[in-house]
Amino acid sequence: MAEIAVIIVNYNAAALTIDAVESVLTREHGGRSVEVHVLDNASPNGDGALLRNAAAQRRWGARVRLHLEAKNHGFAQANNLVLSELLSRSIPPAMVFLLNPDAVLKSEAIDTLAKHLEDHPETAIAGARVENPGECPATSAFRFPSLVSAFSEALAFGPIARLLSRWQVPLAPKHPTAQVDWVAGCAAMLRVDALREIGLFDSDFFLYFEEVELCRRARTAGWQIWHVAEAEVIHIEGTATGIKQNSRHRRPPYWYRSWAHYFRKTHGRFYALATAAAWMLGALLNLGISKLRRRRPAAPERLFADFWAAAGRPLLGLEARSYE
């Protein structure tokens, strides 16, 4: 049986997923046995057929297993489907590497992360250093979000941001190898024994915040989370999801639902409501500052109406409203 299982969840990104698979198959991984699982989340553009053809034409054979789903489960549950199958084996892999479909290995990242987990038995999850195309470092290590970080990010005003920098969620793009609160799920190695203890992803997250909550659960249980800068992955941010960090584009309702679920689950309903209020206050103040400075506001388009419909109403015990 393989020592490491790689999981790639695809949705309407078949060409990128094929590149991601090839980046795994063409590496040596320090001589470790690696198997790849590609789950297509019911892509409506015929990705299942494209992936089947690629598997045949490129002779992936038993090295790659395709899971072609008839329903879009979302990212958390899609990974859980494969993880549950792996954990049910009599001899499961020791580690699982999550790789986004819009990401490729730049170095022997899988071997580097596996070595880290072997050398640090207290580590549950180790994340790679992520670069955008052109070797531009991207943020891949983070602090946990909080009420203060929500206000500061929404306000987006330099003097206040510097004053509250210790609560800023993103760490430096060139962050060195170190323990962190959480790492990007686009390229992360998970210890199977840790998953047995803390559980799999919370499937109530359709997309976004699922890796934040999993890392928090691991930290609460006494495990460590590490950012490993020597493991390098290239990630074309937003290609698979359509959302980029600090983008003003309108966010889908599942983003706000995941945000609300994270804060309610980890801090309770009162704290979630207080954080929502801090976020809206910061965004309102930013509107005024931006108008005075003749700049575009920092908030995503239609923030207030969309947040109220998808997150604010449920936090108050009301039925969510769709705006898609």
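Which residue forms a salt bridge with glutamate 213? The partner is arginine 217, and the closest N and O atoms of the two are 2.7 Å apart.

The model is predicted: local features need pLDDT of at least 70, side-chain atom pairs count only at pLDDT 80 or more, and totals for chains, interfaces and linings use all residues. Residues are numbered from 1 along each chain as its sequence is written, and side-chain values use heavy atoms, with hydrogens and water left out.

## Salt bridges

A salt bridge is a side-chain nitrogen of Lys or Arg within 4 Å of a carboxyl oxygen of Asp or Glu. By this rule the model has 14 salt bridges. Three of them are listed here.

| Glutamate 118 | Arginine 32 | 2.6 Å |

Helices (H or I, at least four residues) and strands (E, at least two) are DSSP runs, numbered from the N terminus. Glutamate 213 and arginine 217 are both in helix α8 (residues 210–220), and because they are 4 residues apart, about one helical turn separates them. An α-helix has 3.6 residues a turn, so residues three or four places apart point the same way.

Buried means under 20% relative accessible area, exposed over 50%, and partly exposed in between (1.4 Å probe, protein chains only). Arginine 32 counts as buried because its relative accessibility is 12%, whereas glutamate 118, at 45%, counts as partly exposed. Aspartate 306 is buried at 2%, and arginine 250 is partly exposed at 32%. Salt bridges that share partners also join Arg32, Asp111, Lys115 and Glu118 into one network. Glutamate 213, at 3%, counts as buried.

Two strands pair if DSSP finds at least two bridges between them. β4 pairs with strand β1 (residues 4–10) in the parallel sense over 4 bridges, and valine 6 stands opposite phenylalanine 97. With strand β11 (residues 187–191), β4 pairs in the antiparallel sense over 5 bridges. There, alanine 187 is the bridge partner of leucine 99.

## The cavity

On a 1 Å grid over the protein atoms alone, a cavity is a set of points where a 1.4 Å probe fits but cannot get out; lining residues have an atom within 4 Å of a point. Grid points are joined across faces, edges and corners, and a volume is the space filled by probe spheres set on the points. The count comes to 1 cavity of 30 Å³ or more, and the largest cavity has a volume of about 50 Å³.

Among the residues lining the largest cavity are Leu98, Ala188, Leu190, Glu211, Leu214 and Cys215. Helix α8 gives the most to this lining, with 3 residues, and β11 and α8 each supply at least two. By class, the lining has 8 nonpolar, 1 polar and 1 charged residues; Ala, Val, Leu, Ile, Met, Phe, Trp, Tyr, Cys and Pro count as nonpolar, Asp, Glu, Lys and Arg as charged, and the others, Gly among them, as polar.

## Alanine 310 in helix α11

Alanine 310 lies in helix α11 and counts as buried at 2% relative accessibility. Contact means heavy atoms within 4.5 Å. Leaving aside neighbours within four places in sequence, alanine 310 is in contact with Pro253, Tyr256, Arg257, Ala320, Arg321 and Tyr323.

Notes
On a 1 Å grid over the protein atoms alone, a cavity is a set of points where a 1.4 Å probe fits but cannot get out, and a pocket is an open set with protein on both sides within 12 Å along at least five of seven lines; lining residues have an atom within 4 Å of a point.
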